[in-house]
Amino acid sequence: PLDSTDALLNAHIHHVGVNFFFGIFPLTKDDIEEVGLLGADPADMVSGLWPSDHAGVFARLRLP
């Protein structure tokens, strides 16, 4: 439920898609600086509810 603080993320169904040729910048896996989740911490709850029924995924890339 959206109001449960005991909820666990127990499945991985979302991915961050990266085309390793971003415009004129060739990228490799070494250019991925950080990958994480958004909305997965109980501190992210708003008025006692989770912001969504799943967490978001983000990635920060280092561009040459």
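Tutor: We will take the labels one by one, keeping in mind that this is a predicted model.

Student: Why is Asp 31 called buried?

Tutor: Its relative accessibility is 14%. Buried means under 20%. So Asp 31 counts as buried.

Student: What makes Arg 62 partly exposed?

Tutor: Arg 62 has 39% relative accessibility. Partly exposed lies between the buried limit of 20% and the exposed limit of 50%. Therefore Arg 62 counts as partly exposed.

Student: How do you know that the side chains of Asp 31 and Arg 62 meet in a salt bridge?

Tutor: Look at the N to O distance, which is 3.5 Å. The cut-off is within 4 Å, for a nitrogen of Lys or Arg and a carboxyl oxygen of Asp or Glu. The Asp 31 and Arg 62 pair meets that, so the contact is a salt bridge.

Student: Where in the chain are the two partners?

Tutor: Asp 31 is in the loop between strand 2 (25-26) and strand 3, while Arg 62 is in the segment after strand 4. They are 31 residues apart, so the pair links distant parts of the chain.

Student: What makes Arg 62 and Glu 33 a salt bridge?

Tutor: Their closest N and O atoms are 3.1 Å apart. The limit is 4 Å, so this pair qualifies too. Glu 33 lies in strand 3 and Arg 62 in the segment after strand 4, so the bridge ties together parts 29 residues apart in sequence.

Student: And why do Arg 60 and Glu 33 count as a salt bridge?

Tutor: The N to O distance is 3.8 Å. That is within 4 Å, so the label holds for Arg 60 and Glu 33. Arg 60 lies in strand 4 and Glu 33 in strand 3, so the pair ties together parts 27 residues apart in sequence.

Student: Which residues are linked in a network of salt bridges?

Tutor: Asp 31, Glu 33, Glu 34, Arg 60 and Arg 62. The whole structure has 4 salt bridges.

Student: Why can Val 57 belong to a nonpolar surface patch?

Tutor: Val 57 sits in strand 4 and has 31% relative accessibility. A patch residue needs over 30%, so Val 57 passes that cut-off. The patch covers about 570 Å², and its members include Leu 9, Ile 32 and Leu 63.

Student: Which strand gives the most to the nonpolar patch?

Tutor: Strand 3, with 3 residues.

Methods. Residues are numbered from 1 along each chain as its sequence is written. This is a predicted model: local features need pLDDT of at least 70, side-chain atom pairs count only at pLDDT 80 or more; totals for chains, interfaces and linings use all residues. Side-chain values use heavy atoms; hydrogens and water are left out. Patches are made of residues with over 30% relative accessible area and no salt bridge: like charges are joined within 9 Å, nonpolar side chains (Val, Leu, Ile, Met, Phe, Trp, Tyr) within 5 Å. Accessible areas come from the Shrake-Rupley method with a 1.4 Å probe; for residues, only the protein chains shown count as cover. Helices (H or I, at least four residues) and strands (E, at least two) are DSSP runs, numbered from the N terminus. Buried means under 20% relative accessible area, exposed over 50%, partly exposed in between (1.4 Å probe, protein chains only).
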